[in-house]
Amino acid sequence: MIPPVKVPANFGRELINSPVHGNLVLNLKDGSVLKVNSVIMSLNSPVIGNMTTNLCQSTLEMDDFSVEAVHCFVDAMYSGESEMLDRVNFEDVNKMAHVFEVAWFRRKCLKFFKTDVLNFENNSYEEILFACEIASRAYFNLKQSKFVGLFVRNMNSRNIGKRVFLRKYMSDLAGLSKRQINMSIQIAGRELNIVFDCLVSYLTFVLKYTGFDENSLYLLEQVDMRLFQQRYPDQFVEVVDLMTELSGGS
């Protein structure tokens with residue numbers, strides 16, 4: 001009896017685009033095609049296995065991903081390695097590993113995020129922002145919560161000031177997406193006073209006491225006001241007074 005093939009495995013990257021073995025065509029974003037072997041791809045991905053075996057698909061549209069990311073993904077499926085994975089293609093590659101349910105490659109992507117993306121050279125705002133956006137999109141688009149947890153723990157272990165980062169990150173509250181507002185709350189954790197400091201500054205200096213906009217209301221809906229009151233009672237009263245004033249209450 002032939003033992004089952006275990007992945008990751010080295011099937012030989014030289015077979016990629018083989019005219020003989022390439023029975024599955026990947027249509028790439030730039031109009032080019034990449035011919036791969038359906039068996040090799042299916043051994044790595046149960047999703048592709050279902051698409052080719054049960055749905056009898058011989059072509060897959062890959063225009064949701066960058067060309068570089070598709071080449072990296074296919075190389076990994078053939079070689080069992082992640083040598084082509086880098087910061088430029090990482091996000092799309094991680095998305096592909098998730099969409100096509102390649103368990104071993106998802107673990108590789110998580111490790112790359114931890115050892116490379118979170119390895120800040122200068123603790124600069126730009127480095128932290130890059131990792132923050134990747135983590136938040138992984139969580140809110142792909143439901144990969146581990147990325148957010150790793151990002152927050154990395155900030156704590158490196159003594160990166162949450163307050164300093166969030167003040168800049170939330171400085172244009174009106175321009176933030178709902179995902180970014182939620183990420184701000186995740187970063188603050190139990191230190192909700194940081195988020196409310198940013199909110200109060202926005203309401204007073206940007207909106208100039210004219211009222212609430214969509215994003216400030218959304219933020220208030222998402223935070224745990226009871227926890228905020230318990231941990232920061234004095235600031236809670238100040239925020240409630242401001243909210244009453246802006247709402248036209250007495």
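Colleague: Why is Ser 82 called partly exposed?

Modeller: In this predicted model, Ser 82 has a relative accessibility of 22%. Buried means under 20% and exposed means over 50%, so Ser 82 counts as partly exposed. Ser 82 sits in the loop between helix H3 and helix H4, and it touches Phe 105 and Lys 108, leaving aside residues up to four places away in sequence.

Colleague: Thanks! What makes the meeting of Asp 75 and Arg 13 a salt bridge?

Modeller: Their side chains come to 2.6 Å, N to O, and the cut-off is within 4 Å, so the pair qualifies as a salt bridge. The partners belong to distant parts of the chain: Asp 75 is in helix H3 and Arg 13 in the segment before strand S1, 62 residues apart.

Colleague: And why is Asp 75 called buried?

Modeller: Its relative accessibility is 7%; buried means under 20%, so Asp 75 counts as buried. Arg 13, at 34%, is partly exposed.

Colleague: How do you know that Glu 191 and Lys 162 form a salt bridge?

Modeller: The N to O distance is 3.6 Å, and the limit is within 4 Å, so this pair counts too. Glu 191 lies in the loop between H9 and helix H10 and Lys 162 in helix H8, so the pair ties together parts 29 residues apart in sequence. Lys 162 is buried at 12%, while Glu 191 is partly exposed at 35%.

Colleague: Nice. How many salt bridges does a search of the whole structure find?

Modeller: Nine. Glu 91, Glu 133, Arg 137 and Arg 179 are linked in a network of them.

Definitions and conventions. Residues numbered from 1 in each chain as written. Predicted model: local features only at pLDDT ≥ 70, side-chain atom pairs only at ≥ 80, totals over all residues. Heavy atoms only, no water. Helix = DSSP H or I, 4+ residues; strand = E, 2+ residues; numbered from the N terminus. Buried < 20%, exposed > 50% of the residue type's maximum accessible area, 1.4 Å probe, protein only. Contact = heavy atoms within 4.5 Å.
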